[in-house]
Amino acid sequence: MTYNTRITCIAIDDEPRALRLIESYCDRIPSLILLESFNNPIEAYSYLKNNLPDIIFIDINMPEFSGIQLIKNLEKKPLVIFTTAYSKYAVESYSLEAIDYLLKPYDFERFHQAVQKAKKQLSLTSSKTIPRAADGESITVKVDYKSFKIKLQDITYLEAMDNYVKIFTVNKCHIVLRSLKSVLEELPSDQFIQVHKSFVVALSKIDYFMNSRITIGHSEIPVGRVYLNKFRDLLKG
């Protein structure tokens, strides 16, 4: 089984040039969404208390708070890919169940190989835990203790709201107790795209795009900085 859906990630490195390299490599993998980049590991740690990306690319040797310390302190751990110039940390990194260890300098081919390893791991996990749409034409959600189907063709966009997701259709808004990520996993990637950490849109429902905002009917949806280039590439076809 392959993992065909989008994968989210963040990058943590105190070297700006190393972060730019990861950002450029992420841009070359359409299914890989870089949510945030941090040159301060303490800020990254705060972010990870409330957010759980699929993958962390993280340097090890950073001042004040090393990559290994950061990972050890996380309650919920994404898949970890260490990026470092020092091979001496390899054994300890694998003891933390890191999915891969990229020794600087590394090229795109090696980066891509690490991402593929993460995809395989995520595929194994998702096949056990993520419910899928039964008919490929709808998703099943639970509202007020009742389960019912929403046709994919009726969905215009989704908005995250704390622990809930608003699913907007042409005529209605459904509020479900799920994460945006879990709903997105059930949507076909050729019909829906995440354009902001809190928004997913149906491509066929976009009226127009201008000044980093999407208009669908009477709604305006912001396009986040980290999603902007991929969204523009998609529009170019």
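Visitor: Let's take A11, then. Is it buried or exposed?
Guide: A11 is buried, because its relative accessible area is 0%; buried means under 20% relative accessible area, exposed over 50%, and partly exposed in between, with a 1.4 Å probe and protein chains only.

Visitor: Before we go on, what kind of model is this?
Guide: This is a predicted model: local features need pLDDT of at least 70, side-chain atom pairs count only at pLDDT 80 or more, and totals for chains, interfaces and linings use all residues. Residues are numbered from 1 along each chain as its sequence is written, and side-chain values use heavy atoms, with hydrogens and water left out.

Visitor: Back to A11. Where does it lie?
Guide: A11 is in strand β1. Helices (H or I, at least four residues) and strands (E, at least two) are DSSP runs, numbered from the N terminus.

Visitor: And what does A11 touch?
Guide: Leaving out neighbours within four places in sequence, A11 is in contact with L19, I22, L34, E36, S37, F38 and F57. Contact means heavy atoms within 4.5 Å. As for E36, it is 25 residues from A11 in sequence, and their C-alpha atoms are 6.6 Å apart in space.

Visitor: Which sheet order does β1 belong to?
Guide: The order is β2-β1-β3-β4-β5, an open sheet of five strands with parallel pairing. Two strands pair if DSSP finds at least two bridges between them. At the edges stand β2 (32-38) and β5 (100-103); each has a single partner strand, so one side of each is left without a neighbour in the sheet. On average, neighbouring strands here are turned by 20 degrees against each other, direction ignored. Axes are lines fitted to C-alpha atoms, for helices over the stretch in contact, and angles run from 0 to 180 degrees between N-to-C directions.

Visitor: How many bridges join β4 to β5?
Guide: Four, and the two strands run parallel, with β4 covering residues 79-84. T83 has L102 in β5 as its bridge partner.

Visitor: Which strands does helix α1 lie across?
Guide: Helix α1 (residues 16-27) lies across β1 (7-12), β2, β3 (55-59) and β4, and it runs at about 165 degrees to β2.

Visitor: What about A118, which helix is that in?
Guide: A118 sits in helix α5 (residues 108-129). A118 is buried, with a relative accessible area of 0%. Not counting residues up to four places away in sequence, A118 touches I55, L79 and I99. A118 and L79 are 39 residues apart in sequence, yet 6.9 Å apart in space, C-alpha to C-alpha.

Visitor: New topic: what is the order of the antiparallel sheet?
Guide: That open sheet has five strands in the order β10-β9-β8-β12-β11. Its edge strands are β10 and β11, each pairing on one side only.

Visitor: How do β8 and β9 pair up?
Guide: Six bridges join β8 (residues 155-161) to β9 (residues 164-169), and they run antiparallel. A160 stands opposite V165 in β9, and Y157 stands opposite F168. The hairpin of β8 and β9 has two residues between the strands, and D162 there takes a positive phi near 55 degrees.

Visitor: And how many residues lie between β9 and β10 in their hairpin?
Guide: Three. β9 and β10 (residues 173-176) pair in the antiparallel sense over four bridges, with F168 opposite C173 in β10.

Visitor: Which residues of α7 are buried?
Guide: They are Y227, L228, K230 and F231. These buried residues pack against α1, β2, β11 (192-196), β13 (208-210) and β14 (213-216).

Visitor: How much space lies in the second largest pocket?
Guide: About 310 Å³. Its lining has 16 residues, with R6, P30, I193, K230 and L234 nearest the centre. The largest share of that lining, four residues, comes from α7. On a 1 Å grid over the protein atoms alone, a pocket is an open set of points where a 1.4 Å probe fits, with protein on both sides within 12 Å along at least five of seven lines; lining residues have an atom within 4 Å of a point. Grid points are joined across faces, edges and corners, and the volume is the space filled by probe spheres set on the points.

Visitor: Last one: how many helices and strands does the protein chain have?
Guide: Seven helices and 15 strands. Of its 237 residues, 48% count as buried.
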